[in-house]
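Please open the model in your viewer and keep the selection panel at hand.

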Amino acid sequence: MRAPPSVIAWLQRALQHEFAAARQFALQASMARRLGDSALARFCSESAQEELEHAQRLAAALIDLGAGFGGGAAPAYPVGSSRQQILAAAAATERHAVAVYEGALRACAADGELRALFGGLHAEECEHLDKLRRWAGDGSAAGAPHGRRIEP
Ligand SMILES: [Fe+2]
Ligand SMILES: [Fe+2]
């Protein structure tokens, strides 16, 4: 498998995003548990695992291409301290993921293998966003403004 530098950069950018998303979901799982919302905690924990699995798929592609994983730290996505904030932060992350994979797909239009990788990830991020919207139950993924809030 070969790819131009611009496509390598998209793989690395997506990898950083996935690590940031996994970190956010793991931290939000702990916060939700602390809020006593075990269902939300489980949802966030499972989401963290799924984002880490995405990171591993991207890392495998970079290894296959003989490319590095990219430098720098993953961005620190915000961590909510109430149910409403947790759902809103997660929705922002999933919307960002969809945009990242749309950009990646445009950048690798000529490469069937990478299109399959990015296309699959794009579809899964769209599913994450739909799942989150269903979870929030109000169509905005912001959730109802109820529940306790914990000061960080
Ligand atoms: Fe992801
Ligand atoms: Fe996601």
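This is a predicted model: local features need pLDDT of at least 70, side-chain atom pairs count only at pLDDT 80 or more; totals for chains, interfaces and linings use all residues.

**First stop: the iron ion (ligand 1)**

Select the iron ion (ligand 1): along the chain, its donors follow the spacing E-x32-E-x2-H-x70-E. Donors here are N, O and S atoms within 2.8 Å of the metal (3.2 Å for Na, K and Ca), and because water is not among the atoms, sites may look incomplete. The protein donors are Glu18 (OE), Glu18 (OE), Glu51 (OE), His54 (ND1) and Glu125 (OE), at 1.9 to 2.4 Å from this ion. Glutamate 51 lies in helix H2 and glutamate 125 in helix H4, so the pair ties together parts that are 74 residues apart in sequence. Helices (H or I, at least four residues) and strands (E, at least two) are DSSP runs, numbered from the N terminus. Both glutamate 51 and glutamate 125 are buried, where buried means under 20% relative accessible area, exposed over 50%, and partly exposed in between (1.4 Å probe, protein chains only).

Residues are numbered from 1 along each chain as its sequence is written, chains are lettered from A and ligands numbered from 1 in the order in which they are written, and side-chain values use heavy atoms, with hydrogens and water left out.

**Second stop: the iron ion (ligand 2)**

Next, select glutamate 51, which bridges the iron ion (ligand 1) and the iron ion (ligand 2); the two ions lie 3.7 Å apart.

Now display H2 and H4 together. Two packed helices are described by the angle between their axes and the distance between the axes. H2 and H4 pack at an angle of about 170°, and their axes are 11 Å apart. The axes are lines fitted to C-alpha atoms, for helices over the stretch in contact, and angles run from 0 to 180 degrees between N-to-C directions. H2 and H4 are therefore roughly antiparallel; angles under 35 degrees count as roughly parallel, over 145 as roughly antiparallel, 65 to 115 as roughly perpendicular and the rest as oblique.

Residues to highlight in this contact (heavy atoms within 4.5 Å) include Glu51, His54 and Leu58 of H2, and Leu117, Glu125 and His128 of H4.

**Fourth stop: the nonpolar cores**

Colour the nonpolar residues next. A nonpolar core is a set of buried Ala, Val, Leu, Ile, Met, Phe, Trp, Tyr and Cys residues joined through side-chain atoms within 4.5 Å. In the largest one, of 21 residues, Leu11, Leu15, Leu58, Tyr101, Leu114, Leu117 and Phe118 touch the most other members. Helix H1 (5-34), H2, H3 and helix H4 (112-136) each give two or more residues to this core, and H1 provides the largest share, 6 residues. Centre the view on leucine 117: apart from its neighbours within four places in sequence, leucine 117 is in contact with Leu11, Arg57, Leu58 and Ala61. A second, separate core has 16 residues, including Phe25, Met31, Phe43 and Ile86.

Select serine 45, in helix H2. Is serine 45 buried or partly exposed? With a relative accessible area of 29%, serine 45 is partly exposed. Beyond its neighbours within four places in sequence, serine 45 is in contact with Ala29 and Arg33.

Move to alanine 91, in helix H3, which counts as buried at 1% relative accessibility. Its C-alpha atom lies 9.9 Å from that of lysine 131, 40 residues apart in sequence.

Finish at alanine 136 in helix H4; at 13% relative accessibility, alanine 136 counts as buried.

**Last stop: the whole chain**

Of its 152 residues, 45% count as buried.
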